[in-house]
Amino acid sequence: PDPRSMIARLHRAGVRLMLWVSPYAEVGCAAPYARDALIGTGEYQATDLTNREARNTFEGRLQDLVTLGVDGFKADRGDEIDFERTALADGRGDDIHNLYPELFARSIASAVSSSAEHDFVSLFRAGAAGSRKLVSAVWAGDQKGTPAGLRAAVRMGQTAGLAGFPVWGSDVGGYGSASPPVTTETFARWAQLGAVSPIMEIGGEGPNARPWELGPVAMTALRAAATLHYELFPHHY
């Protein structure tokens, strides 16, 4: 009920808080936006960030969060609608597919620069040439918590580096790890990948979000990986 006080209490405890955000609006709850300011079909549609009014509204809502004391945004989505096939009111639908992640990043950078009084972190899923200069880091999105998902994450880390995004990470154990549930072996191997990645994050739909449920072997592997990650911090920094 009192987010400002809660965030202040976290700060006093030495904890910094990031929030998940997205440029998408649920159509039935999209009161701040005019219908022509949304792109796509279905229940969730993207805010048209080429529309100045819609962009200002979006950035204003982000600024409200920053002034509460939020320390970072995990900026999800921005890549699921085929903008090349979507006709915008001004006719630019054919040329904004790779531009949209940059517009999303620019909106967050604008909101942060006008309000933040401290270092601010942004972690993005979508990116294209031009957005690297605007984002702190990227993560690999949603992989299955399987050996194939782990291999995919390794490839994504390699290609992110080649594309000019050196600060990268993935969900240890995968994101879609509930069915089938991630195994202790896959979780431990993924923790090792997280240890040597600049971003090491724990989360997902399955037990990897609560790794103690995977048992002592998984927790021992996670502790060892987390310790190595901190030891490598000067190198990554």
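Helices α5 and α6 pack with their axes 8 Å apart and at an angle of about 5 degrees; axes are lines fitted to C-alpha atoms, for helices over the stretch in contact, and angles run from 0 to 180 degrees between N-to-C directions. The model is a predicted one, in which local features need pLDDT of at least 70, side-chain atom pairs count only at pLDDT 80 or more, and totals for chains, interfaces and linings use all residues. Residues are numbered from 1 along each chain as its sequence is written, and side-chain values use heavy atoms, with hydrogens and water left out. Helices (H or I, at least four residues) and strands (E, at least two) are DSSP runs, numbered from the N terminus.

**Helix α5 and its partners**

- Two packed helices are described by the angle between their axes and the distance between the axes.
- The helices α5 and α6 are therefore roughly parallel to each other (angles under 35 degrees count as roughly parallel, over 145 as roughly antiparallel, 65 to 115 as roughly perpendicular and the rest as oblique).
- On the α5 side, Thr184, Phe187, Ala188, Ala191, Gln192, Gly194 and Ala195 meet Val217, Ala218, Ala221, Leu222, Ala225, Leu228 and His229 of α6, where contact means heavy atoms within 4.5 Å.
- The residues of this contact comprise 10 nonpolar, 4 polar and no charged (Ala, Val, Leu, Ile, Met, Phe, Trp, Tyr, Cys and Pro count as nonpolar, Asp, Glu, Lys and Arg as charged, and the others, Gly among them, as polar).
- Helix α5 covers residues 184–195, and its 12 residues should span 16 Å at 1.5 Å a residue, which agrees with end C-alpha atoms that are 16 Å apart; the expected span is 1.5 Å times one less than the number of residues.
- Buried residues of α5 include Phe187, Trp190 and Leu193, where buried means under 20% relative accessible area, exposed over 50%, and partly exposed in between (1.4 Å probe, protein chains only).
- The buried residues of α5 pack against α4 (147–162), β8 (168–172), β9 (199–202), α6 (216–231) and α7 (233–236).

**Salt bridges**

- The whole structure holds 10 salt bridges, each being a side-chain nitrogen of Lys or Arg within 4 Å of a carboxyl oxygen of Asp or Glu.
- Asp76, Arg77, Asp79, Glu80 and Arg125 are joined in a network of salt bridges.
- Within Glu80 and Arg77's salt bridge, the closest N and O atoms are 3.0 Å apart; Glu80 is partly exposed at 44% relative accessibility, and Arg77 is partly exposed at 26%.
- Arg125 and Asp79 also form a salt bridge, with the closest N and O atoms 2.7 Å apart.
- Arg125 lies in the loop between β6 (121–124) and β7 (137–139), and Asp79 in the loop between β5 (72–75) and α3 (99–115), so the pair ties together parts 46 residues apart in sequence.
- Arg125 is buried at 17% relative accessibility, whereas Asp79 is partly exposed at 35%.
- In the salt bridge of Lys133 with Glu102, the closest N and O atoms are 3.9 Å apart.
- This pair links distant parts of the chain, with Lys133 in the loop between β6 and β7 and Glu102 in helix α3, 31 residues apart.
- Lys133 is exposed at 59% relative accessibility, while Glu102 is buried at 12%.

**His97**

- His97 lies in the loop between β5 and α3 and is partly exposed, with a relative accessible area of 22%.
- Not counting residues up to four places away in sequence, His97 touches Ile81, Asp82, Phe83 and Glu84.
- From C-alpha to C-alpha, His97 and Leu10 are 38 Å apart in space, and they are 87 residues apart in sequence.
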